[in-house]
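Let's take a tour of a protein fold, one piece at a time. Have a look at the picture and keep it beside you as you read.

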Amino acid sequence: MELAAAIRGRRSIRKFKAQDVPKSVITEILEEARWSPSWGNTQPWDLSVLTGKTLAKFKEMNRRQTLAGAAIASDVPMLEKWPDAMKARYGELGKVVLSAQGIKREDKEGRDKYYMNMVVAFDAPCLILACISRDNLIEYQMLDIGLIAQTICLAAHDKGLGTCLLASTARFPAEIRKIAAIPDDKKIVVGIALGYPDPSFPLNNFERNRAKLDEFVHWME
Ligand SMILES: Cc1cc2nc3c(=O)[nH]c(=O)nc-3n(C[C@H](O)[C@H](O)[C@H](O)COP(=O)(O)O)c2cc1C
């Protein structure tokens, strides 16, 4: 696949086929992703690949914690109040995601069902938890995690797989550590759901928006 097509064609996948991803394919993706850039080639990332029984336990834990209304205690603080322009985009995404599935705003049951589906990583057969050493946790190092995460998503897309970055899978690190042997000195930044996309599902097809260049590019000639 051409790089430009891969960049434009990658999108968040929110429904996967009930088909496992062979370990060899996950390995190929990670082999490519390890060539991501990082500050001074420090490569501060650490990845835990959850599949099978471990992933099933993770999904059950994340579902249970969410249903119980457990307080979000992510290793990396997540912004709760957004500046207006970003809040508007976030709100827009929320609307499109629901309307693409035919869920009305007032349909609380439908919304809750979708939300719980997100919490179980859209039932992906694989979840990669991207972590960073606590000692490395300065804001700048987060860039490196973002870079490897994007490379994973692009490499997966290139192989016909789909991904969705999921902050919602990194909310209860203490519980995650009881299931997956992620040591205390690693902070869990984000999860990446990985699997074969279900192309017919509307949520994998809706039209996405991006700001135009003149909204965020400033030419200084
Ligand atoms: C750090 C990060 C966390 C995200 N967390 C979630 C999430 O919890 N749930 C979700 O449905 N999408 C999540 N996303 C996906 C974004 O909603 C998505 O990337 C954005 O809407 C742009 O759409 P696209 O990926 O299809 O281009 C996350 C993306 C990033 C970068």
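How many of the five residues of E3 are buried? Four of them are, so E3 is mostly covered; buried here means under 20% relative accessible area, exposed means over 50%, and partly exposed is in between (1.4 Å probe, protein chains only).

## Before we dig in

This is a predicted model, where local features need pLDDT of at least 70, side-chain atom pairs count only at pLDDT 80 or more, and totals for chains, interfaces and linings use all residues. Residues are numbered from 1 along each chain as its sequence is written, and side-chain values use heavy atoms, with hydrogens and water left out.

The labels work like this: helices (H or I, at least four residues) and strands (E, at least two) are DSSP runs, numbered from the N terminus.

## The sheet

Four strands make an open sheet in the order E1-E2-E4-E3, with antiparallel pairing. Two strands count as paired if DSSP finds at least two bridges between them. E1 (45-50) and E3 are the edge strands, each pairing on one side only. From one strand to the next, the twist averages 25 degrees.

Now for the individual pairs. E2 and E4 run antiparallel and are joined by eight bridges; Leu129, for instance, has Gly191 in E4 as its bridge partner. E3 and E4 are also antiparallel, over five bridges, and here Thr163 has Leu194 in E4 as its bridge partner.

## Helices around the sheet

Helix H2 (residues 23-33) packs on the sheet and touches E1, E2 and E4. Its direction makes about 165 degrees with that of E1. Helix H6 (residues 142-158) lies across E1, E2, E3 and E4, and runs at about 15 degrees to E4. For these angles, axes are lines fitted to C-alpha atoms (for helices, over the stretch in contact), and angles run from 0 to 180 degrees between N-to-C directions.

His157 sits in H6 and is buried, with a relative accessible area of 18%. Setting aside residues up to four places away in sequence, His157 touches Met1, Ala5, Ala6, Gly9 and Arg10. Touching, or contact, means heavy atoms within 4.5 Å.

What about H4? The buried residues of H4 are Val97, Leu98 and Ala100, and they pack against H5. After H4 comes Gly102, with a positive phi near 75 degrees.

## Two nonpolar cores

A nonpolar core is a set of buried Ala, Val, Leu, Ile, Met, Phe, Trp, Tyr and Cys residues joined through side-chain atoms within 4.5 Å. The largest one has 30 residues, and Leu127, Ile176 and Ala193 have the most contacts inside it. H3 (52-67), H4 (84-100), H5 (108-119), E2 (126-133), E3 (162-166) and E4 (186-195) each supply at least two of its residues. Another core, of 24 residues, lies apart from it, and includes Val25, Ile152, Ala155 and Ala156.

Leaving aside neighbours within four places in sequence, Ile176 is in contact with Phe58, Met61, Leu129, Thr169, Ala170, Ile182 and Ile188.
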